[in-house]
Amino acid sequence: HKCYNVLGKDDKMKKKTILYAVAIALLVLIFGIFIKLNSNKQVSTINSASDMKKMLKTIYSNAKTDLPSLSTEKVDLSNTDIVTSYTGLKTANDIDLLVVSEPLINAQAYLVAVIKVKDNVDVEKVKTEIYDNIDMRRWICVSAEKLYITNNGNVIFLVMADENWAKPVYDEFKAYVNNSIGKELEKTNDEGSIELPPEMP
């Protein structure tokens, strides 16, 4: 009789332990799904030109590479030619804000563009249009070796330059947004820099 009671208590303890384990597992699963869903939303905290400039300042201070002297400015979206030159986009219709960073000396192949697109705009479509149309040889006598594009929420980040400049800056952007990014696009320019003809005697 005593043995029966002991076994009964053991069975109850086992059932409680199993129930606790299942409850904990469910909580962990639900928490994991919640975190994943929130990360997929990729809500950007980069909402203004000052936010973009602050971000770029942080990126440049953390990037482990010697960058050229750079100028970072907000672009006038009413000038379609300039918008196209910086982004490859034919119009600024889908853009709310554009901030670019480029060398003070134009002969250096380096460009960062931070583009905030309007609400309800297909960010991936805009990224693809940039990827397909941006001119990696937009400078007078040099061209960018690498192009990297990604986004955090409705903010697109692109950098094109030589690999030793572009990759560290791109990686620092991803670190700045805690790797909460969308699809990554990458292009290599195999054509090399344009060589100027020798001076005539």
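Guide: Start with aromatic pairs: rings of Phe, Tyr and Trp (its six-membered ring) pair if their centres lie within 6.5 Å; planes under 30 degrees apart count as stacked, over 60 as edge-to-face and the rest as tilted. A search of the whole structure finds four such pairs.

Visitor: Why is the pair of Tyr148 and Tyr170 called stacked?

Guide: The ring centres are 4.8 Å apart and the planes are at 20°, so the pair is stacked. Tyr148 sits in strand β4 (residues 146–152) and Tyr170 in helix α5, 22 residues apart. Helices (H or I, at least four residues) and strands (E, at least two) are DSSP runs, numbered from the N terminus.

Visitor: What makes α2 and α5 oblique to each other?

Guide: The axes of α2 (residues 49–62) and α5 (residues 163–176) cross at roughly 120° and come within 9 Å. Angles under 35 degrees count as roughly parallel, over 145 as roughly antiparallel, 65 to 115 as roughly perpendicular and the rest as oblique. Therefore α2 and α5 are oblique.

Visitor: Which residues of α2 and α5 make the contact?

Guide: Contact means heavy atoms within 4.5 Å. Among them are Met55 and Ile59 of α2, and Val169 and Phe173 of α5.

Visitor: What should I know about the model itself?

Guide: This is a predicted model: local features need pLDDT of at least 70, side-chain atom pairs count only at pLDDT 80 or more, and totals for chains, interfaces and linings use all residues. Residues are numbered from 1 along each chain, and side-chain values use heavy atoms, without hydrogens and water. pLDDT is the predictor's confidence in each residue, from 0 to 100. The chain's mean is 85.

Technical notes: Axes fitted to C-alpha atoms, helices over the stretch in contact; angles between N-to-C directions.
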